[in-house]
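Subject: A structure to look at

Hello,

I am passing on a structure that may be new to you. Please have a look at it, and my notes follow below.

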Amino acid sequence: MKIYSCCGNESITKKYFCSECGKSEFEEKEVSDSGTVYSFTKIHIAPAEFADIAPYNVVLVELDEANAKVTTRIEEDVKIGDKVSLDRIENDAYIYKRVS
Amino acid sequence: MTNVYVHGIGMTKFGTLTSSLKELLLEASAEALIDAGRPKIDAVFVGNFMGGSIANQEILGAIVANELGLGYIPSTKVEGACASGGIAFRQGLLGIMSGEYETVLVAGVEKMKHATTPDVTQAINAAMDTTTNEKYAGLTFPGFFGVLANRYFHETGASKEHLARVALKNRQNAVNNPLAQFVKPATLEEIMGARMITDPLGLFDCSPMTDGASAIVISRKKSPIYVKASSQVSGPTKMQDATNLLSLPAIGESGRLAYEKAGVGPEDIDVVEIHDCFSMTEIIATEELGFFNPLEGWKAVEEGRTQVTGDKPVNTSGGLLSRGHPIGATGIAQIYQLVRQLRGNAANQLEKTPRLALAQNLGGTGSYSTVHILERV
């Protein structure tokens, strides 16, 4: 997974300008997609476009190799602290899975 | 600097209403104009979020000016998701402070109950950054606060019962507010056992879909209600980019700015309306605004400190959770309740008539926050 960083802030998305220094010279690095569940919710009431898969879990994952988080969807139920990794990218969504 | 004062307020019943978006808007606006003694209005600002997407109605500013016979004056619709009302109020203030206008009508309105829940949920999702991997993963607006709540539980001693106690308090307050959407009492057991919306938030933890409107007339002419401070800031638009998920920095920063402008601190505030779009959000906001320490807002709930009889009464109107949340009207409805508290004739009027009141209105998942401090002078 690609990480963009500047002035100590790391993110999986690139902004136009750094909020600290104002420059657009973001350092790019490739890190492992594996991480730890930071928090989660199971969404029961979904918007029209996701109604067919509800209820589903949206999980905020803290990446192991960067000071950054990624919002994912995970099919099985998880709890905070669970180890997870990327299973696939589907319709531009990161679909993660629990590691053993 | 030009000082601004509140001259009139108006508000429709909140709930499932047969009136159209336009009728609601005009009803609240006319009431505010009459309450203010029918002054000459120099400009109109209308807070509204989904008039276009759900009610197929825009040009709300011009409709108000025209239907109320206000003449060829400037009128503007303001959008800032759930903070549309608070931002509209601030735009009105700035218009007066600039010297351009003497007296301004600010209104807020939303019509939601005619649409289906999936359609409204979809429309509300426009209050997130909709072209991110978060949105594609299926994150919803309530979902953000569900994720936040589970982490809050993890890091504090708080549980679902503390959220339920917020919902219960606001319901108890709404029972005494004839304009509130939900006036039927609820029990803690009922709230705890309600169907899940987005784990751990159940039905009573989430603000409802609501029809309603509210309005306010402000002027540089003196009145007994002085707008002591106004602030607005923008915050993160993506959950994964929050430095600390348990902080909504837009709330904290808007509070800090407002206190600084007013020359007061959180300890001086007598009565508060804050943006309880979810029960969890009320707890976080009471921390961000400095009423309680970070990660200790749940203890204040446990101790009853935010009840009408507590030392820091929060949402005496019933809040978004039970007064209702017609999105564009909410920020103005908060100020409506505070003006009535300062006038001494509010629903759940405090025993000792308050002097300083604070309203905090949130948009998106912490994307916008406004704070207004009112003073009885």
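**What I found**

Ala107(B) touches Leu25(B), Ala28(B), Ser29(B), Val46(B), Val64(B), Ala213(B), Ala215(B) and Ile332(B), leaving aside residues up to four places away in sequence; contact here is C-beta atoms, placed from the backbone, within 7 Å. This is a predicted model, in which local features need pLDDT of at least 70 and side-chain atom pairs count only at pLDDT 80 or more, while totals for chains, interfaces and linings use all residues. Residues are numbered from 1 along each chain as its sequence is written, and chains are lettered from A and ligands numbered from 1 in the order in which they are written.

Ala107(B) also belongs to the largest nonpolar core, which has 148 residues. Such a core is a set of buried Ala, Val, Leu, Ile, Met, Phe, Trp, Tyr and Cys residues joined through C-beta atoms within 7 Å, where buried stands for 20 or more other C-beta atoms within 10 Å of a residue's own. Leu25(B), Val106(B), Ala107(B), Ile216(B) and Ile218(B) have the most contacts inside this core.

Now to the two chains: 28 residues of chain B are in contact with 30 residues of chain A. On the chain B side, α6(B) gives the largest share, six residues (helices are DSSP runs of H or I, at least four residues, and strands of E, at least two, numbered from the N terminus).

Chain A has an open sheet of three strands in the order β2-β1-β3, with antiparallel pairing (strands pair if DSSP finds at least two bridges between them). β1(A) and β3(A) pair over four bridges, and Tyr4(A) stands opposite Glu28(A) in β3(A).

Best wishes

Note on methods
Buried ≥ 20, exposed ≤ 12 C-beta atoms within 10 Å, placed from the backbone.
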